[in-house]
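Subject: Model handover

Hello,

Here is the structure for your files. My notes on the fold follow below it.

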Amino acid sequence: MHEKDGAISSLTGALEAARSTIREHRSVEDNLAAEIAERDSRIARLLEKTDLLQKETAEARTELQKLREEREAERREVATLRAEAARRAPADVEHVVAQRAAQVQAEAVSSELEAARKEIADARAQLEQARTDAARMEQVLVDKDRAVAARDERIRTLQLEIQQRPGAIVHLNLPDASRQAPDQKTVLRADVAKDPGAGAPALICLTSDGPRRFALVKGTITIGRSASCDIQILTHFVSREHARLTVSTRGGVVIEDLGSTNGVFVNSVRVDRHELHHGDVVTVGESQFRFLETMAH
């Protein structure tokens, strides 16, 4: 009874931790929503700034057109002055006046054109910066969306684990269930338990309510959380298909890690593939097994 109460207390603590994690994720979601709102505000400001820059560029073009028109008017005025000088002054005076007028006009127009070009270049640079900022903000939004998707997937995983744990508690509280049914953490599939044979190698579960023997009478035996596994371990520390045992015709047994998250350990050493020897302790998740070369040991 004390062991059952301890198990219930442990599972209740895990449930509270999962709920705390969900509350933390909700807080992160609220922060992400605030950041997205701030991003939208910044994008709106950038768009307003872009519109302003476009208006300024249009005004600069209008000013440039006005300067060109003024230059054309000055040219006409110079032509008129030349005609007037031709009637009133000698040829050399007309030449000097024409050169001076052309020089003044060229200097004025060149200065105005250079100023207009500089204003247009500045406006283009500001517009390009605004576009760069908008693209960066869009990338930030994409990254935030990916973070939200990853967080939602983690919440779904936690909810699935929470749904699985109450089922184990119910079975632990059934009267005499531990004597009549297999341990709810570690379940031997029917096709492995069937007629194991006295001379077959076996795994002894050391972490169930009482030591349980799993005779290894098949050529290949899978261990994992999935219902399709031969030895099913219902805990989130175990992957859906965690490990595989291969029994040779000579009776040798090799255990392989099937790419699990928490790994396979033999005598407290993590292994990818290992041939088991009599007395080895195999750890899968939180469950421990002792390997016996034959059931007679």
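The protein chain has four helices and 12 strands (DSSP runs numbered from the N terminus: helices are H or I with at least four residues, strands E with at least two). This is a predicted model: local features need pLDDT of at least 70, side-chain atom pairs count only at pLDDT 80 or more, and totals for chains, interfaces and linings use all residues. Residues are numbered from 1 along each chain as its sequence is written, and side-chain values use heavy atoms, without hydrogens and water.

Sheet first. Six strands form an open sheet, ordered S3-S2-S12-S11-S8-S9, with antiparallel pairing (two strands pair if DSSP finds at least two bridges between them). Strands S3 (212-215) and S9 (269-271) stand at the edges; each has a single partner strand, so one side of each lacks a neighbour in the sheet. S2 and S12 run antiparallel, joined by four bridges. Ile204 has Arg290 in S12 as its bridge partner.

Now the core. The largest nonpolar core holds 22 residues (a set of buried Ala, Val, Leu, Ile, Met, Phe, Trp, Tyr and Cys residues joined through side-chain atoms within 4.5 Å; buried means under 20% relative accessible area, with a 1.4 Å probe and protein chains only). Leu203, Ile223 and Leu276 are among those with the most contacts inside it. S6 gives the most to this core: three residues. Beyond its neighbours within four places in sequence, Leu276 is in contact (heavy atoms within 4.5 Å) with Leu245, Val253, Ile255, Val266, Val282 and Phe291.

Overall, 30% of the 297 residues in the protein chain are buried.

Best regards

Key:
Buried < 20%, exposed > 50% of the residue type's maximum accessible area, 1.4 Å probe, protein only.
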